[in-house]
Amino acid sequence: MYFNNQQIIPAARTVKQFDQVLNSPFEYIVLLEVHISHLLSLKREADRHHKKLIIHADLIHGLKTDNFAADFLCNDVRPAGIISTRSNMLIKAKSRGIIAIQRVFLIDTIALEKSYSMIDTAKPDYIELLPGIIPSMISEIHQRTKIPVITGGLIRQQENVAEALTAGAVAVTTSNKELWQTFEK
């Protein structure tokens with residue numbers, strides 16, 4: 001059972017969006033684009049509201065993606081999960097019992113092959129594919145890696161979510177508040 005069968009994972013880009021999703025029925029939430037100085041207080045708020053926080057390490061302002069940053073996230077913040085394009089970040093997360101999610105951009109065949117190599121190194125718990133509107137790639141990547149796939153990026157309509165889930169995605173991340181509201185019912 002992936003993410004407690006939560007098919008939509010709200011991705012909050014701002015503190016205001018984060019506050020909105022705290023009062024939703026979603027258990028897992030993704031945090032994007034906040035300043036490093038807010039991480040610990042946002043994690044405490046997530047815990048207080050019984051939310052499992054997934055932090056996108058590459059998008060946190062003021063946070064490098066080096067080993068010191070990985071130590072800070074894993075030891076001090078202790079989120080439920082970390083999303084990153086960096087193998088070092090994911091390897092450290094896995095070693096600390098934190099969900100490791102490898103973000104993969106579907107740009108071209110060369111980028112995809114490089115991503116496969118990084119996936120072999122990091123052995124993440126999940127792969128997040130972007131953009132999420134290419135359903136045929138979801139099943140291809142899952143078949144090749146045997147790792148559950150999440151998808152996100154350019155997910156704008158319920159049909160995009162349905163197509164991704166039908167293609168084999170275990171969940172869809174989105175910052176689209178209208179989709180949050182549709183799927184929280």
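## Around helix 4

Helices here are DSSP runs of H or I with at least four residues, strands are E runs of at least two, and both are numbered from the N terminus. This is a predicted model, with local features needing pLDDT of at least 70 and side-chain atom pairs counting only at pLDDT 80 or more, while totals for chains, interfaces and linings use all residues. Residues are numbered from 1 along each chain as its sequence is written, and side-chain values use heavy atoms, with hydrogens and water left out.

Helix 4 itself covers residues 87-95, and its buried members are Ser-87, Met-89, Leu-90, Lys-92 and Ala-93. Buried means under 20% relative accessible area with a 1.4 Å probe, protein chains only. Those buried residues pack against helix 3, strand 4 (81-84), strand 5 (99-105) and helix 5 (109-122).

## The cores

A nonpolar core is a set of buried Ala, Val, Leu, Ile, Met, Phe, Trp, Tyr and Cys residues joined through side-chain atoms within 4.5 Å. The largest one has 50 residues, and Phe-18, Leu-39, Leu-73, Ile-82, Leu-129 and Ile-141 have the most contacts inside it. Helix 3 (residues 67-77) gives the most to this core, with six residues. Apart from it lies another core, of 14 residues, including Tyr-28 and Ile-150.

Take Ile-141: beyond its neighbours within four places in sequence, its contacts (heavy atoms within 4.5 Å) are Leu-106, Leu-112, Tyr-116, Ile-127, Leu-129, Lys-146 and Val-149.
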